[in-house]
Amino acid sequence: MGPATGPQRQFPSGAEYAEALQHTQLCFRHPELKGARPELSKLGLPRAISGAFASVFSLTSAVSGRRYAIKCFTRHVPDQERRYQAISSRLARLDPAELSQPWNLGFEYLPSAISVGRDRYPVLKMEWAEAVTLSSWLDDNHAHRFAVDRMADRFEALTRDLAAHEIAHGDLQHGNLLVAGDDTLRLVDYDGMYVPALAGMGSTERGHRNYQSPMRGNDDFGAALDRFSAWVIFLSLKAIASDPALWNRLHEPSGEFLLLTEDDFKNPGGSTRLQTLLAHPDRTVSGLADQVQSLAFQPLDVLPPLALAVPKQRIAVTTSAASARGAAAAAPGTGGLPGWMTGHVSPQAAPTPTAPSDTAPDGFRTRTSLDVATAVLCPLMLIATVLMVVAGFSASPIERGVPALAAVALTTFARSRRAERTQARAALAKLTNELDQLDDPVKAAEKLHKDRAKFDAAEAKRTAAFPRAQDKLTALYHAELKEAEKRKVRKQRDIDREIDGLAEELRRALAKALTDKQSAYVRGQLGRRLIAQSPPTGIGPKLASRLAAEGIRTAADFTGYRPVQNTHYNSTGAVLVLSSGRVIDVHGIGEAKAIALDVWRKHLVASAEARQPTSLSASERQPIEQGVARRRAQLTAWRKDVESETDALRVKARKQMEDGQERLTRENSLAGDQARQQRQDFSRRTVALQQNSALHGTLSDSVEAAKLRQHGLSFVCYLRFLYIGH
């Protein structure tokens, strides 16, 4: 019995572990766990807290009296021992005096600790924390605003401890944050923890979905792993501290979240919970909510640490900036991003767009000689028109209006010659052309959203398919092992049945040999008794001669007679049966003489049988016994061949499974690399979209401003300029 290791290993279920833990004296070797008392359920079985990859049991050591949490693994975790050793080594080097609170619980990875069936499996032995989950604590304490606010600060201090030592928990959530009796935090479940020694490896889990960024993938595994989760938890605690009624309003009893869920991050525009926090009158709450919303669609490695959320004065600044961004988003010149995109890009990601340098003057400036001439001539032309009308000058109405039309034409010509008009038209044309060349930010944002949703769906399908494919390979491997074992048992059972039957076969062979020996002896004795020398009663020399002529010379040449009906003489005759089975009719041998011959023969047979050998000699037994021995050796060799054949099938099945696992891992790694590149592309597109949106808004504002400036160069404005000067 050995440790259960390797990717092909099928781990026991929680129920199988519970059954084994009923006898801790037998299933454990560790001195503190051997004979430990498990906490029992109402059914009298060890109570299990089951998760995705393990079941946790509470055991009290019979030696030290200390209580431990024993994690028993139900699924294979790649590089499990290496990960736990690296994590254990890193946590062991932490100085408790440098930590904000005793959140670090000691644990020990025991590679081959528990026996289940014929195999041994690893367990994780952890200190038991007398504490309650953060959500349970909030159930009882959400109305105590000061206590909740202090808890938020302690949580922020815990994240600072982790960041200072380049550690990330990987699954910060209400169930892994325990609150002790002194209201300090304890951190449990280190399965997905990152420490510097694990750099370059992939993540073994994605964390609780209600606390993770939609951008998180399997390839995200580094010191920034907890940042989004930290902001979500800190926002929840600060919001409850500010407004305790939010707990009952936004939290569901026994819900697997605090105030926000996965859907709130993925669809903030349609989230009632998030909108409630964004619209909260407390600027701390609304500011943090806006920050969480803006972080939801940014890569994890660019997220700010939670330490930037304090001191509180900084939150007010963030809130003011968020309000300014919200106002800018509502303004006409922002490019009209859809609601889902608002706040999804970091405001620091894009540079401040610069105003276009090609601007036109706001109005007419210095008057030229043409302007002066126009200002003098236009009134004279208009006066001339009036005098012609008043004096009744004999001309058509069109002719009398010629001076006025000339004044209008002169003014229009003079206005068209102004440089301001030319500059304004050129500036507007250039801005409009630049605006037309930009992608529509609304359509680009919608396309990005659709591409991202399609990618996330494909990634979710891929990540879900990978363990299923691994399980399928493992199941196929075990099915092949089971079938090979069944074939082996069936063949060996047949061989064992033959081996067990060899004794009876030997007995029958010896009995047959003795029977054959006795039959040969009797035939020999009968062959020596000539009918002619000692004839039976009624058989004279003449009949003996006739019998000899037909081949019956001794008692061995016939076996008896058969009566026959002689129809010619209406009497009963007889035929003799030769040793070959052929029957002959000997002239002169009727029924009486045939009976006499048969009696004579039977007497000789009885006499010979009385003297026949009753056993085989050693030389006669030896070849028979040797033949059976050879058959036994042959069957034994076949039995060994069946075992060797089964071993070869096991090796072949294991090789196929390992090759399949390696292929799956290689394909998954390649797909992970492609997904990482795709996420980076999404990040670049997100930043480019923000920059494009900002530039689009600036250009739109500039176009509107250019149009307004053109209004300032209208005909009426030019007339006012001619006579007023501005």
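Guide: Strands are DSSP runs of E with at least two residues, and helices are runs of H or I with at least four residues, both numbered from the N terminus. Two strands pair if DSSP finds at least two bridges between them. The model is predicted: local features need pLDDT of at least 70, side-chain atom pairs count only at pLDDT 80 or more, and totals for chains, interfaces and linings use all residues. Residues are numbered from 1 along each chain as its sequence is written, and side-chain values use heavy atoms, without hydrogens and water.

Visitor: What makes β11 and β12 a pair?

Guide: Two bridges join β11 to strand β12 (residues 583–584) in the antiparallel sense, and pairing requires at least two.

Visitor: How many bridges join β10 to β11?

Guide: Eight bridges link strand β10 (residues 558–566) to β11, and the two run antiparallel. V564 stands opposite G573 in β11.

Visitor: Why is strand β11 called largely enclosed?

Guide: Buried means under 20% relative accessible area, exposed over 50%, and partly exposed in between (1.4 Å probe, protein chains only). Six of the eight residues of β11 (residues 571–578) are buried, so the strand is largely enclosed by the rest of the structure.
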